[in-house]
Amino acid sequence: MFGLSLEHLAILLVAALFVLGPERLPGAVNQVTRAMRRLRGFAAGAQQQLEAELGPALGQVRKPLQDLQALREFDPRAALRRHLLDDEPLPRPTGLRPGERAPIDTDAT
């Protein structure tokens with residue numbers, strides 16, 4: 001919900017308990033849940049209305065949005081692997097072995 005984890009929600013609940021007090025907190029929670037239900041109902045109604053009015057044209061609107069979503073999830077490493085290396089995995093750097101010292105670039109220091 002809104003990108004919040006359970007820890008964040010718990011912190012918000014504790015802060016609300018201190019701000020509102022134990023007497024008013026249940027009422028505030030009820031108001032927030034009612035508002036969330038209303039918002040979901042409005043969103044569902046708006047979606048149904050758009051689908052009813054636009055019909056097949058809605059698919060033409062959704063296609064570019066799905067393409068944008070695919071661009072957001074673009075993984076350059078996967079693209080390199082797929083197009084350049086024919087699905088061969090890219091070699092991963094191994095790092096230093098135990099007891100090995102990192103190389104020093106004397107020109108950079």
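**Entry 1**

The cut-offs I used are under 20% relative accessible area for buried, over 50% for exposed, and partly exposed in between, with a 1.4 Å probe and protein chains only. The model is a predicted one, so I kept to its rules: local features need pLDDT of at least 70, side-chain atom pairs count only at pLDDT 80 or more, and totals for chains, interfaces and linings use all residues. Residues are numbered from 1 along each chain as its sequence is written, and side-chain values use heavy atoms, with hydrogens and water left out.

The side chain of Asp67 forms a salt bridge with that of Lys63, at 3.1 Å from N to O. A salt bridge here is a side-chain nitrogen of Lys or Arg within 4 Å of a carboxyl oxygen of Asp or Glu. Lys63 is also partly exposed, since its relative accessible area is 47%. I put about one helical turn between Asp67 and Lys63, because they sit four residues apart in helix H2 (residues 57–72). I searched the whole structure for salt bridges and got one.

**Entry 2: elements and confidence**

I counted three helices and zero strands in the chain. Helices (H or I, at least four residues) and strands (E, at least two) are DSSP runs, numbered from the N terminus. I then checked pLDDT, the predictor's confidence in each residue, from 0 to 100. The chain average is 80, and 89% of the residues score at least 70. Among the elements, H1 has the highest mean pLDDT (89) and helix H3 (residues 76–83) the lowest (75).

**Entry 3: surface and burial**

Accessible areas come from the Shrake-Rupley method with a 1.4 Å probe; for residues, only the protein chains shown count as cover. Of the 109 residues, 5% count as buried.

I picked Leu25, which lies in helix H1. Leu25 is buried because its relative accessible area is 13%. Leu25 and Leu13 are 12 residues apart in sequence, and I noted 9.0 Å between their C-alpha atoms.

**Entry 4: patches**

I listed Leu4, Leu6, Leu9 and Leu12 as a nonpolar surface patch of about 370 Å². Patches take residues with over 30% relative accessible area and no salt bridge, joining like charges within 9 Å and nonpolar side chains (Val, Leu, Ile, Met, Phe, Trp, Tyr) within 5 Å. Leu6 belongs to helix H1 (residues 6–54) and is exposed, since its relative accessibility is 71%.

I also found a surface patch of positive charge made by Arg34, Arg37, Arg38 and Arg40. Lys and Arg count as positive and Asp and Glu as negative; His and the chain ends are not counted. The place of a charge is NZ of Lys, CZ of Arg, CG of Asp or CD of Glu. Arg37 is in helix H1 and exposed, at 58% relative accessible area.
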